[in-house]
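Reader: I'm new to reading protein models. Could you walk me through this one, a question at a time?

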Amino acid sequence: MITRKLLIISTLIFICFAWISFCTGTDQKKYVDEQAEEGHALAKKHCVSCHLLPEAEWLNKTTWANYVLPKMGELVGFRDLGMNHYVRTGIPDLMTLEEWNKITHYYLAQSPAEPLPRENKSPSIQIGLSDFNTIIPAFRNSQPVTTMVKIDSLSKRIFFGDGLSQQLYVADPAFNKVDSFRVGVGISNLVIRENSLMVLTMGVLQPSDLKIGQLLSIDKNSGTSTILLDSLQRPVHATYADLNNDGREDIVICEFGNITGQLGWFEKLSEGNFRKHILRPLPGAIRTELRDINNDGLTDIIAMMAQGDEGIFLYKNQGGGKFLEERLLHFPPTYGSNYFEMVDMNGDGYADILATNGDNGDYPPILKAYHGIRVYLSNKQNKFEEAFFLPMNGAGKAMAVDFDKDGDLDIASISFFPDHESMPAEGFILWKNEGNNDFKPSSFSEVAEGNWISMDTGDFNGDAKPDIVIGNADFGAGIRQQKALKNDKGNASSLIILKNNN
């Protein structure tokens, strides 16, 4: 009898402790010591004022210690004298030195020695593109930095800009003739008009806050350049529309900058005369799309922001040149967001968001399990939820096109930071849509010999089949050296064309 009572009591005690553990213990963060726990609480208090809270496991210990924490320390008023010994610089006065030391202790104590592996194994990439022929043009540059590629299906021309040589090249499908226009350093964006070319240049290739970028209008016939806008802060993208319904075309420009920057629109007042309006006074503006997202007859602005407070924002046009900001998606600051486009991925008549995150150039690259391609489906009321994720180290751009004409959208993607050692084919992946969010990845052998930083799709030869062009960039910064693509003079190919033969 006593034994039975003891058994019942023991069982009840076990259930009680199990329930308490379930409710309060199992999803609690485990800390190595009390100071790390305090540091995490302080990080939640202070860091979220600028961006989503970065968790310690998102980066390895070396990256936190040698790069991220010293950089963040400078921004919040502390300087690293070495070995993570910080002193106050005095500006800004956001927290005490004791608090900052606890925050750094948390990240150094809780972060892994090596980057976290993917939870799910990356899919095997098939080598060989059954629907495409690989064309490597004879045209070469001594050090290609192909920061921009563009297929113009109307003229059957391929435009590609070299950010280092300051040239915008134009070629026919066979590359029998290559013309060029002189542009500034770091061409980043091109819009092709009937008689002119709208060319955006950063003015500098490396991260910078210098305001030396320009927007040029180049006459196609004479080659004469006209500066429409200057003193731009490392601009990377431009879009055009009449935003205030006054009959004149305005311009939205992403001034990515570095420590500072902004997203703004330039109201056209008269020919060659613009007034600037700031939408978001922060760095990292990287791409915009202009569309009437709520069907009210006014053109809205959808923008991707990187560089800290990462996310996708909607600027609802209120009329009269006024916009109301709404955050659509919020990403962690470690993501490295770098491209998005709005496209109806599931065929329900509403635009979804296809986005990549894989920028890995702020410090020595490490593999990040969360790098890749994500699709966020619309709920038809301008709210978006992640539907699926395609893992891809260093993903830099992804474009959704029905390449095989089977009625659903495939995805072409590039990476400037692939896993060179284990998976060099990640430099370019064609994700063939098999339906039900099942995408089969394939690539081609020559992709391992370049650094693919730009891409475009379109019909370059007039056969009504979407082709792909990818641009190669050798910054001479130890990313990797081209091998097989180099000719006998040691010059590497500026681009590769994938001709659709489907």
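Reader: Is Arg291 buried, exposed or partly exposed, and what is its relative accessible area?

Author: First, a word on the ground rules. This is a predicted model, where local features need pLDDT of at least 70, side-chain atom pairs count only at pLDDT 80 or more, and totals for chains, interfaces and linings use all residues. Residues are numbered from 1 along each chain as its sequence is written, and side-chain values use heavy atoms, with hydrogens and water left out. Buried means under 20% relative accessible area, exposed over 50%, and partly exposed in between (1.4 Å probe, protein chains only), so Arg291 is partly exposed, at 29%.

Reader: Which side chain does Arg291 meet in a salt bridge?

Author: Side chains of opposite charge can pair when their charged atoms come close. A salt bridge here is a side-chain nitrogen of Lys or Arg within 4 Å of a carboxyl oxygen of Asp or Glu. For Arg291 the N to O distance is 3.3 Å, and the partner is Glu289.

Reader: And is Glu289 buried or exposed?

Author: Its relative accessibility is 11%. Because buried means under 20%, Glu289 counts as buried.

Reader: How many residues apart in sequence are the parts tied together by Arg327 and Asp309?

Author: Arg327 forms a salt bridge with Asp309, with the closest N and O atoms 3.0 Å apart. Arg327 lies in strand β21 (residues 322–331), while Asp309 sits in the loop between β19 (300–305) and β20 (310–319). Strands (E, at least two residues) and helices (H or I, at least four) are DSSP runs, numbered from the N terminus. So the pair ties together parts whose separation in sequence is 18 residues.

Reader: Which residues are linked with Arg327 in a network of salt bridges?

Author: Asp309, its partner at 3.0 Å, belongs to that network. Together with Arg327, the network links Asp309, Arg280 and Glu325.

Reader: What is the nearest side chain of opposite charge to Asp250?

Author: Asp250 is found in strand β15 (residues 250–255). It is buried yet has no salt bridge. Lys and Arg count as positive and Asp and Glu as negative, with His and the chain ends not counted. The nearest side chain of opposite charge is 6.2 Å away, and it belongs to Arg248.

Reader: Which residue's backbone nitrogen lies 2.8 Å from a polar atom of the side chain of Asp250?

Author: Asp250 has no salt bridge, but its side chain has a polar atom 2.8 Å from a backbone nitrogen. That nitrogen belongs to Leu243.

Methods. A polar contact is a pair of N or O atoms within 3.5 Å; within protein, one must be able to donate a hydrogen and the other to accept it, and residues adjacent in sequence count only if both atoms are side-chain atoms.
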